[in-house]
Amino acid sequence: MTTLLDTTTDTTARALSDDELSGLFAPVFERIREGAVEREAERALPFEAVAWLKAERFGAVRVPREYGGFGATVGQLARLLSELGAADSNLPQLLRGHFAFVETRLVHPDAEVREKWLRRVAAGDLVGNASSELTGASLAEVSTVVSEENGRFFVTGKKYYSTGTIFADWVSGSARDADGGRVSYVVRTDDPGVERLDDWDGFGQRLTGSGTTIFDHAEVDADDITRYTDARINHVTAFFQLVLVATLAGIGKAVLTDTVEYVRPRTRTFITASNPLPREDPLVQSVVGEVAAASFTADALVASAAAAVDAAYRTNTDGTLDDAAVTAAEIAVYSAQVAIVDVVLAAATRLFEVGGASAASSARKLDRHWRNARTVSSHNPVIYKKRTVGEFFLNDRAPNAAWKELREAAAVPS
């Protein structure tokens, strides 16, 4: 295990370069990659891999240096998430809620709240996400309730698709208060009123811990309850999707790596092949070229989308971000999402053209790339992103308009 630099002593230290950040975390990423196929075969949740990342304080990549983090940009984090996704695509997705929570604290208008949470994250704490319920409008409708009893607050309800929460120290979610107003909250996952279930049954991304979380009178600090009407539109909605785009790019990298590693040592080929060695066969070379181009395209999409999110984040002034920059970030990320899905899914399918039936061996688990990419692509379905982007260009309706309407509706008790 590598030893990372001390980020707690020099508050004026320069920003780290992409290569420096990648180099710091490369050893743990490689260690994670070495066990990825075995974990997939055994459906073994990556508790150990998450512990390795916590030990290196990977969750603090975006935390500013003055709070003890690494001070990376959104673009640098996206690159690292893609590299981690190449090792095991479950890992960046299960950390999605954590990194999005960090972004909310980076732009939080209350300096005390910012410092409290950023220092917790810098110390290694991870935050999960439990917002979705089995309701008609996904995040727009919640039955979970935060109640007050003699000045103390408690949350009760059931959440689904709680990606990453089973690995986390804290969990952030959404609820309604006694007046019916919408609120967010954060509670400790080791509270006796919190139960985390590994009941995610998807055919892909099976190790993300995207199961059910049950809150049964779990206590929440009053300072960690925020009314939606007090929240401000920011870059976090785009950021949530950027993590998925980066995860898909990571799968693209893994497809290329596994395709090359499969072809290079092969000596067996089909009788009608143009060359006895697969790696010298022009048809095989062409397929590998397609896969490499797909990975390059995916990386370029991530970099471009991340730059737009970075630009929006940098407009932050006391928790308020420029509307036009936020809109530009969302359009960039959603456009990248629309494009990257087909690119990576096609590459995950084409890789099987470079070999015979042995490529379908269950021991290799090459099918995991398509299954994982297909599952990641199903989150916040692309059909809605296509429509959102199209509506923006045709009617100038910002993607975050629906969230603004939700916030306004939250002020009216149902």
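I take helices (H or I, at least four residues) and strands (E, at least two) as DSSP runs, numbered from the N terminus.

**Basis.** The model is predicted, so I noted that local features need pLDDT of at least 70 and side-chain atom pairs count only at pLDDT 80 or more, while totals for chains, interfaces and linings use all residues. Residues are numbered from 1 along each chain as its sequence is written, and side-chain values use heavy atoms, with hydrogens and water left out.

**Helix α3.** I looked up residues 47–55, which form α3, and found A49, V50, W52 and L53 buried (under 20% relative accessible area; exposed is over 50% and partly exposed lies in between, with a 1.4 Å probe and protein chains only). These four lie on the same side of α3, because they cover an arc of only 155° around the axis, the arc being that of the directions from the helix axis to the C-beta atoms. On the other side, I recorded E48 and A55 as exposed. I then asked what covers the buried residues of α3. The cover includes α1 (18–34), α4 (74–87) and α5 (90–94). After α3 comes R57, and I read its phi as positive, near 55°.

**Whole protein.** I counted 13 helices and eight strands. Of the 414 residues, 51% are buried. The C-alpha atoms fill a box of roughly 80 × 50 × 40 Å along the principal axes. Contacts (heavy atoms within 4.5 Å) with a separation of 6 or more are made up, to 76%, by residues 24 or more positions apart.
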